[in-house]
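Work through the exercises below with the model open beside you, and try each task before reading its solution.

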Amino acid sequence: MLCVWYTPAIPLAVSGLPTVAFALLGPNPLPAGGVSSVIAGWTALGMAFVIMRGRDVPPPRVALAAPVLLTAFLAGLMLARLPSASLSAYGSTKLVLFVVGNLVFVAGGAFIGWRRPDLDLLLLIVLAVSTLGAVVLVVRFGTGGAQEVLPGRYAISPEDDPIGLGRGAAEGLLIAIYLMLSRRSATTRLWALAAIPALAIAVVASGSRGPVVGLTFGLLILLALTATNERARRRLLLVAGAALIAVIAVVQTVPTSTLSRSLEVVVSSGSNLSTNGRSQLWAAAWQAFVDHPFLGLGTGGFADLRGDELYPHNLLLESAAELGIFGVLAVVGIVAWTGARITRAWRATRDEDRLVAAIIAALFAMAVVNALFSSALPNNKEVWLWSGVAAGLSARLLGDRGAGRRARPTGRARGG
């Protein structure tokens, strides 16, 4: 716990570790939402310690960046609209999870993005945690103990969510490729290279189509934004070799039915969305927004509309249906501001700074795509985490450029 004296990056980075620990050691002993509450308190303590130390404290423009303010507005709107729902426990639980998850994640991410060592630590630990989960799954495939929690969908334990497994592994894959392209030690690059096959197996074995589509978008963005770096271009052949090994590993490990399920949206250009009821859920959410455009159904109100599903599995439609025009505009504002800000930071920088901006852009884009296909508002914390990181990172890269040049000896070019 004392590690948060130095950085709030650790609690956010290990937020996926309890899932692996419970799969190995036994069921979760905490009540529902207990893990999220612990992570939130731990992160808040880390941010408080940063402020107490008085060193490298993010300026107000970071702590009060648009994603943080808009997330706080969303939380207030969810609270105000809670009485309009059926007053069921779900609406209240949803609000609590949003506050201890999304709001804390976006604020903590802003602190982390402001300091490069914190951001590097976050990326390395996220990769380590996702690799650990993927290795556990691969070992269980090898020993015949892989858990098919749903038809064609595998996880590391019966209580685990295959969507979470797929998302975590996809994040790890993007980070591993970034580390291979960046200026890192040979040991770090070798670790990233070795992790790629196991992570690829976990993504596909989860049987979740959202992570596969999100990874496709994120990977395209990462490769496009890093292609301007000469060193990264030279290492693309190594990445291609790792990808080939990963494909062979996936084909040899993952059952054919699961492989077909994971890839069908990409292969069929999205024509099979109706097979899991997504199109019907989206249509119901859109109609709810049309019927209640200003105030929405209220927090958790979609659960009353559709007894078989608590949410429509689409971030924008969920906020529109339950919180009306103001809710969906707040979410759109977070996405648009983050995209514009990180793009500006990428354009204004070179070399390693540009590569860092590229990986955050790729991770954020992947999270947004995932949020358009699955899970509820509080379960899409990755959108808020990488949005917060983008706020801190862009403020550092853009706000310090002039001071950075003045501090360097004459004749040393930025990124040279």
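Two exercises follow, each with a worked solution. The model is predicted, so local features need pLDDT of at least 70 and side-chain atom pairs count only at pLDDT 80 or more, while totals for chains, interfaces and linings use all residues. Residues are numbered from 1 along each chain as its sequence is written, and side-chain values use heavy atoms, with hydrogens and water left out.

**Exercise 1.** Determine how helix 8 and helix 17 are oriented relative to each other.

Solution. Begin with the axes, which are lines fitted to C-alpha atoms over the stretch in contact, with angles running from 0 to 180 degrees between N-to-C directions; helices are DSSP runs (H or I, at least four residues) numbered from the N terminus. The axes of helix 8 (residues 162-181) and helix 17 (residues 351-371) come within 10 Å and cross at roughly 165 degrees. Helix 8 is therefore roughly antiparallel to helix 17, a term for angles over 145 degrees. Next, list the contact (heavy atoms within 4.5 Å): among its residues are Arg 167, Glu 171 and Leu 174 of helix 8 and Leu 355, Ile 359 and Asn 370 of helix 17.

**Exercise 2.** Classify the ring pair of Trp 282 and Phe 373.

Solution. Rings of Phe, Tyr and Trp (its six-membered ring) pair if their centres lie within 6.5 Å, and planes under 30 degrees apart count as stacked, over 60 as edge-to-face and the rest as tilted. This rule gives four aromatic pairs. For Trp 282 and Phe 373, the centres are 6.2 Å apart and the planes stand at 70 degrees, so the pair is edge-to-face. Finally, locate the partners: Trp 282 lies in helix 14 (residues 278-291) and Phe 373 in the loop between helix 17 and helix 18 (381-399), 91 residues apart.

Methods. Helix = DSSP H or I, 4+ residues; strand = E, 2+ residues; numbered from the N terminus. Parallel < 35°, antiparallel > 145°, perpendicular 65-115°, else oblique.
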